[in-house]
Amino acid sequence: MHKTLVKLASGLVALGITGATLAAPAVEITQKQPLNIPAIVMFAIFVGLTLGITYWAASRTKTASDFYTAGGGITGFQNGLAMAGDYMSAATLLGLTALVFTNGYDGYLFMIAFFVGWPVILFLMAERLRNLGKFTFADITSYRLDQGKVGRWPPSVP
Amino acid sequence: MSSEMYARIRKNPKFKELVSKRERLAWTLTGIVLVLFFGLFLTVAFNPAVLAIRLGGSYVTTGLLIGFFEFIFFWLLTAVYVRRANSEFDAVTTELLRESVKGPK
């Protein structure tokens, strides 16, 4: 385990070095951009706001059910908004737009394929998950199957 | 929740009815989604000319419209499922639980 980690780390370092040497000529010919104060200020505001909200929310979170479902105190509509926010991510807004722009109808088809999984998951899984009262896939598999073996299966570790 | 209560729930005919009804709805909706989805993709694979027909000389093709229709239609199916789950199935579940907690004595 330790040896593989060391190997992996040295491999990454080597990759980084070759990457840096490859990038060197490109770095030389670029010009230094002028300092963009508004962008830096906006970045700081966003990061500060996010950290502030996280701090405020963390102080209200005491148990696992607080963490995953806000203590059961949010309505279905609020939860729907939260999930929509989750899925309308950079992948949806930037990635799929770019995909349709560069690949035309192929990108559009990918977008449909992207979307079709959700209704199927809803119809077949959602109610079972809710009835079990568990929050993550790992929780469910370890509840239904052999807990020890599921725990040893690395991708399932929450 | 004790195991006696589970047994009472399992014996209740309403429970069997609920399970079969719910399964039937879920698999019907899943079937509709999968048939439409794979239908579109098989058309793309084997007969793409059908999807490339321009409507009225505009840039809108049948393929675009069908894709858009699938988006809206799956969204409506979700609404159908949510409506039935929230009203019918949840009502039967609460009723079932109330009967099973008391026990038939």
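Student: How many residues does helix α6 of chain A have, and how far does it reach?
Tutor: Helix α6 (residues 105-132) of chain A has 28 residues, and from first C-alpha to last it reaches 41 Å. That is close to the 40 Å expected at 1.5 Å a residue. Bear in mind that this is a predicted model.

Student: Where is the kink in α6(A) centred?
Tutor: On M125(A), and the kink is about 50°.

Student: And what follows α6(A)?
Tutor: G133(A) follows α6(A), and its phi is positive, near 75°.

Student: Which residues of α6(A) are buried?
Tutor: V116(A), P119(A), L122(A) and F123(A) are buried. As background, an α-helix has 3.6 residues a turn, so residues three or four places apart point the same way.

Student: What do the buried residues of α6(A) pack against?
Tutor: They pack against two helices of chain B, α2 (13-46) and α3 (62-102).

Student: Stepping back to the two chains, how many residues of each are in contact?
Tutor: 12 residues of chain A are in contact with 15 residues of chain B. On the chain A side, 11 are nonpolar, 1 is charged and none is polar.

Student: How about confidence, where is it lowest and highest in chain A?
Tutor: The lowest is in helix α1 (residues 2-29) of chain A, with a mean of 56. The highest is in helix α2 (residues 37-60) of chain A, at 89. Chain A as a whole averages a pLDDT of 75, and 66% of its residues score at least 70.

Student: What should I do with the low parts?
Tutor: Where pLDDT is low, the predicted coordinates should not be read in detail.

Student: Switching to chain B, how many helices and strands are there?
Tutor: Chain B has 3 helices and 0 strands. Along the sequence the pattern is α-α-α.

Student: What share of chain B is buried?
Tutor: Buried residues are 8% of the 105 residues in chain B.

Student: And what share of its contacts links residues 24 or more positions apart?
Tutor: 64%, counting the contacts in chain B with a separation of 6 or more.

Student: I have K11(B) selected. Where is its place?
Tutor: K11(B) is in helix α1 (residues 3-11) of chain B.

Student: Why does K11(B) count as exposed?
Tutor: Because K11(B) has 11 C-beta neighbours inside 10 Å, and a residue with 12 or fewer is exposed.

Student: How far apart are K11(B) and S100(B)?
Tutor: In sequence, K11(B) and S100(B) are 89 residues apart; in space they are 9.8 Å apart, C-alpha to C-alpha.

Conventions. Residues are numbered from 1 along each chain as its sequence is written. Chains are lettered from A and ligands numbered from 1 in the order in which they are written. This is a predicted model: local features need pLDDT of at least 70, side-chain atom pairs count only at pLDDT 80 or more; totals for chains, interfaces and linings use all residues. pLDDT is the predictor's confidence in each residue, from 0 to 100. Helices (H or I, at least four residues) and strands (E, at least two) are DSSP runs, numbered from the N terminus. Two residues are in contact if their C-beta atoms, placed from the backbone, lie within 7 Å. Ala, Val, Leu, Ile, Met, Phe, Trp, Tyr, Cys and Pro count as nonpolar, Asp, Glu, Lys and Arg as charged, and the others, Gly among them, as polar. The expected span of a helix is 1.5 Å times one less than its number of residues. The bend at a residue is the angle between axes fitted to the seven residues ending there and the seven starting there. A residue is buried if 20 or more other C-beta atoms lie within 10 Å of its own, exposed if 12 or fewer, and partly exposed in between; C-beta atoms are placed from the backbone.
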